[in-house]
Amino acid sequence: MTGYFRLTAALLFSGFSLFGGAFRVDLAGDGFELAFKSGSEGVTAATSAWLKERSNQRWSITGDSSEKWEEKSFTFTAAEDGKVWVSLLSIRTGPGEAASVSAYDDLRIEGATFKNAGFEELGKRGFPESWRGAPKMATDATDAPEGKYYVTVTFDNRVTQIIDCKAGKPVTIRFKTKNMH
């Protein structure tokens, strides 16, 4: 197979579209392992291999996104009672490439609790309360799938919230996402 055909096949079967984008949600356990259980269609997960023997403490959940709002979901469990960092971001792009931008809204969770899951409560700086980071806020009420606001993030400008999890109790996170580029 020539290089051109290998590249074309790799792109077609990689799970990411040339015409769409991709979302990413990172999970990090506070010194304990997490286990990815399942995801909606097209949602996959990978551990952070660079952490070696602690790689199961951090997961990246990814999947395709389009320019229209789509619902995605995944389920995980924690090995111990404790705190889990949930970060909403976009995929990393290569040097010289424009940053990939993902939008998120209408988060729902079973098995734990999110605060301000729809990003409707804004703080003094105009960022969503209970979330860490500095996302761009979109206020187009005609486009938000829930409420008036949603966040747009990149790989470097993400938002994070810490949730409390119970050992072995499944946590399912559902959200709406779309690609902004």
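Trainee: What is the relative accessible area of Ser-130?

Mentor: Start with the scale: buried means under 20% relative accessible area, exposed over 50%, and partly exposed in between (1.4 Å probe, protein chains only). Ser-130 falls in the middle class, partly exposed. Its relative accessible area is 38%.

Trainee: What must I know about the model and its numbering before I go on?

Mentor: This is a predicted model, in which local features need pLDDT of at least 70, side-chain atom pairs count only at pLDDT 80 or more, and totals for chains, interfaces and linings use all residues. Residues are numbered from 1 along each chain as its sequence is written, and side-chain values use heavy atoms, without hydrogens or water.

Trainee: Ser-130 has a positive phi. What is its value, roughly?

Mentor: Most residues other than glycine have a negative phi. Ser-130 is in the loop between S7 and S8. Strands are DSSP runs (E, at least two residues), numbered from the N terminus. The phi of Ser-130 is near 75°.

Trainee: Is Asn-116 buried or exposed?

Mentor: Asn-116 sits in the loop between S7 and strand S8 (132–133). It is not a glycine, yet its phi is positive, about 55°. Its relative accessibility is 12%, so Asn-116 counts as buried.

Trainee: In what order do the six strands form the open sheet?

Mentor: The pairing is antiparallel. Two strands pair if DSSP finds at least two bridges between them. Six strands take part, in the order S2-S5-S12-S7-S10-S9.

Trainee: Which strands are the edge strands?

Mentor: In the sheet order S2-S5-S12-S7-S10-S9, look at the two ends. An edge strand here pairs on one side only. The edge strands are S2 (34–39) and S9 (136–138).

Trainee: By how much are neighbouring strands of this sheet turned against each other, on average?

Mentor: The axes are lines fitted to C-alpha atoms, with angles from 0 to 180 degrees between N-to-C directions. For this sheet, direction is ignored.

Trainee: How many residues of strand S5 are buried?

Mentor: Strand S5 covers residues 70–78. Five bridges join S2 to S5, and seven link S5 to strand S12 (residues 171–179). S5 is mostly covered, and of its nine residues, the buried ones number seven.

Trainee: In S12, which residue is the bridge partner of Phe-74?

Mentor: Phe-36 stands opposite Phe-76 in S5. S5 also pairs with S12 in the antiparallel sense. In S12, the partner of Phe-74 is Ile-173.

Trainee: Which residue in S10 does Tyr-104 stand opposite?

Mentor: Strand S7 (residues 102–110) and strand S10 (residues 150–153) pair in the antiparallel sense. Three bridges hold that pairing. Tyr-104 stands opposite Val-151.

Trainee: Asp-105 is buried and has no salt bridge. How far away is the nearest side chain of opposite charge?

Mentor: A salt bridge needs a side-chain nitrogen of Lys or Arg within 4 Å of a carboxyl oxygen of Asp or Glu. Lys and Arg count as positive, Asp and Glu as negative; His and the chain ends are not counted. For Asp-105, the nearest side chain of opposite charge is Lys-176, at 7.7 Å.

Trainee: Which residue's backbone nitrogen does the side chain of Asp-105 reach?

Mentor: Asp-105 lies in strand S7. It touches (heavy atoms within 4.5 Å) residues including Trp-69, Phe-119 and Tyr-150. At 3.2 Å, its side chain reaches the backbone nitrogen of Glu-146.

Trainee: Lys-83 and Asp-164 form a salt bridge. How many residues apart in sequence are the parts they tie together?

Mentor: The closest N and O atoms of Lys-83 and Asp-164 are 2.7 Å apart. Lys-83 is in strand S6 (residues 82–90) and Asp-164 in strand S11 (residues 159–165), so the pair ties together parts whose separation in sequence is 81 residues.

Trainee: What is the relative accessible area of Glu-110?

Mentor: Arg-174 and Glu-110 meet in a salt bridge at 3.6 Å, N to O. That pair links S12 and S7, 64 residues apart. Arg-174 is partly exposed at 27%. Glu-110 is partly exposed too, at 44%.

Trainee: How many salt bridges does a search of the whole structure find?

Mentor: Asp-106 and Arg-108 make one, at 3.6 Å. Arg-24, Asp-26, Arg-58 and Arg-158 are linked in a network. The search of the whole structure gives ten.

Key: Helices (H or I, at least four residues) and strands (E, at least two) are DSSP runs, numbered from the N terminus. A polar contact is a pair of N or O atoms within 3.5 Å; within protein, one must be able to donate a hydrogen and the other to accept it, and residues adjacent in sequence count only if both atoms are side-chain atoms. Lists of a residue's contacts leave out its neighbours within four places in sequence.
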